[in-house]
Amino acid sequence: MRRLVNKKVAVLTILAGFALVGLVYAAWTTNGTGNAYSKAGTAQTLSTVDVSASTTATLYPGVSGDVLVKIDNPNPYAVTVTAVTGNGTITADAGHSGCTTTGVTFTNQSSLSLSVPAKSGGVDGVLQTTLTGAASMSNASLNACQGATFTIPVTLTGTS
Amino acid sequence: MRGLHRTIVLALAIALAAPAAGASASWPGGGSGSQSAKAVSMPTGNTPTAAVSNRSVTVSWTGSTLPGGAAISTYVVNRYDTNGNAQTIGSACSGTVSATTCTESSVPGGTWKYTVAPTLSNWTGGESGQSASVTVASPSLSFSSSTTVTSLPTTLNGTIAAFVGGQTVTFRLDDASTGTVLSGTLSPTPVPSGGGSSITVTIPAGTTNGAHTVYAVGSSGDVASAAITVAVPYTTTTTAWDLRDASSGSESNQSAASAFVDTRTFATGVWPTAFNTNNYLEFNQNAPLPSGFTVTGGTFVFNFAAGASGDTACFWFEVRRASTGAVVGTHGSSWIPVGCVTGTTLQSFSTAISELNTTDLANDNRIRVYARESAGKSITVERANVTGSTPSTSFTLYPLSYTDASTGTPATTNWALAASGGSAYTTASNWPGSFTANDYLKVTFPSYIPTTATVTGGTFKLAYRPTASGHNACYYIEVYSGATLIGTHGSTTTPVSCNSTSTYTTDTVSLPEINTPARANGAIVKAYFWISGSGSRTTDNDLATLSVNYQ
């Protein structure tokens, strides 16, 4: 019986080793946004947590302001985010529907080193940080944009 | 067995260690999501203060700062009336003001409040509370002279105030943009910054009686006005061309022959068959109009007919000054007559005489008619009037006399009642020996009084005498407005006067009952006569006029 048990452990270990090799392969061949990361038990993409409620107002026409981001790491290992890149239309919150021309642009951030802790104890690792001066507001910003909170879609690039 | 366990543990260790090392080296992925940035809100403006200087208001306020302390450098200033209605704000405070003070110039008169709102590009902050209200005076014009003008021209003295400085000022009557420009002065000129100057302005001759408005119009658009009343007293004297003789007890029409379309006509002498400048017929019209006014619509109305059936009579005419004979205008010619009539049926010709454009010309009017008659006969004249309008009333002029030079030899006939001397009207029948209700002379006067005038009484003049010596003629009068008796002067027992001489007696009877334009225009006077003795008991009547005083 013990012998049989030991054989099973060995097989599982080998399978586990293959699985991890396969994971590494998948990681090299995707941008981190594919379905490969959605499988349970595989490495997963980073996401963000809504922090609009706690964002400090710093923008007004003609100046740059700060951007607040909270990165969620569902992986059981720490990830270092090296770049934050805008990838969509920046919009104002629903309470500022008249703010159709926000005038807000995001300056892509690179050479970052934002370490997002690993998931631990069933809780994703998170990092909240401020990208100082990463957003700017032009004079085109409509009057209705006063006090608005802007959602800035981004792509996160990182290493683990 | 023991050795196998160690192998498994090592393998697991390797397996667990290897992925960690491999992930660290090869996990270049990332993720996606969103981040947040937030805009500040503009502050509310600080309540401004406002200070008035003539027509300028200086608005000042404390600058606003953005959350975080950045100063705001541009503002929007608004002005409201006391009901909270937003006004269009003037220069220097309009648009975006890059300061914390501005002076609105040329502010309209009124009570105003100001607000300020900070602005930044498209953003505008909350509007401040309203300033304390400030009152800006409206441009004004006032006269120190009496504003009731009783003679023309008259120069009025006065002042203007609260005009925007730097303007020159013109004056107009009754309409600020299209009214007659009045001569005037401004001292000092242009208007100083304080907004006030002394003025003079002249109300010209020809200004109609009644209420008027004088406007002071600034070169930058300020307008002020003041009311005046022109109440120049005028007296219009006219005879009557409508004469009804009831000396027999029943009326007969004895009106002037060329005054009306009626049965009363006259025949000229015989005309040549071709136009000739020595053959003419002149009408000197009466002069009932106040001087100094414009006349529009001047028209000569001439009713005539040829001397016999089948004959053709034609005419052209000149408008002349009665005083000098100077030709003012010519209508038609020897080649192109104004009109022709074939046969003896009277026809009317109305010809515009626009050259008759002032009351002074109208009051000095003569019409000279040149005619020809195809058979060299006389023509029949029924009417020769001039019509037109002053700014106050329309009028018809009637001939005081006509001069018939149809044959080349002038002969003048005066309307008997128009003036003393020259000719008189002798009643058609003998008067009774005592007053009766059916025996009178009735004259109806034409209409020359503006319907808006204030009439302050009339005067009736009558000159008469017994035609034959040895008689005593007496009369009294009744005054009518239409069919309504409005006054009686003298009576059957106390005549206005009696005359038993061969010299005309001229009575001047005051008619206070002529106190409205309606009573003055078309006033009728009936003069009841009786005469003593027997035989010829007619009277000669040399003058019948009505003078009306009005403003």
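In what order do the 4 strands of the open sheet in chain B sit? Select them and read across: E11-E13-E17-E16, with antiparallel pairing. Strands here are DSSP runs of E, at least two residues long, and helices are runs of H or I, at least four residues long, both numbered from the N terminus. Two strands count as paired if DSSP finds at least two bridges between them.

Before going on, some housekeeping. Residues are numbered from 1 along each chain as its sequence is written, while chains are lettered from A and ligands numbered from 1 in the order in which they are written. You're looking at a predicted model, where local features need pLDDT of at least 70, side-chain atom pairs count only at pLDDT 80 or more, and totals for chains, interfaces and linings use all residues.

**Stop 1: the sheet in chain B**

Colour the edges next: strand E11 (140-143) and strand E16 (184-187) of chain B each pair on one side only. Now zoom in on strand E13 (residues 154-161) and strand E17 (residues 197-203) of chain B, an antiparallel pair joined by 7 bridges. Pick B:Ile160 there and you'll find B:Ser197 of E17(B) opposite.

**Stop 2: B:Trp415**

Jump to the loop between strand E34 (411-414) and strand E35 (425-426) of chain B, where B:Trp415 is found. Is B:Trp415 buried or exposed? B:Trp415 is buried because 25 other C-beta atoms lie within 10 Å; the cut-offs are 20 or more for buried, 12 or fewer for exposed and partly exposed in between, counting other C-beta atoms within 10 Å of the residue's own, with C-beta atoms placed from the backbone. Leaving out residues up to four places away in sequence, show what B:Trp415 touches: B:Thr239, B:Trp241, B:Ala256, B:Pro399, B:Leu400 and B:Ser401. A contact means C-beta atoms, placed from the backbone, within 7 Å.

**Stop 3: B:Lys526**

Select strand E42 (residues 523-531) of chain B and pick out B:Lys526. B:Lys526 has 19 other C-beta atoms within 10 Å, so this residue is partly exposed.

**Stop 4: chain A**

Finally, switch to chain A, which has 1 helix and 9 strands. Of its 160 residues, 32% are buried. Among chain A contacts between residues at least 6 apart in sequence, 78% join residues at least 24 apart.

Technical notes. Two residues are in contact if their C-beta atoms, placed from the backbone, lie within 7 Å.
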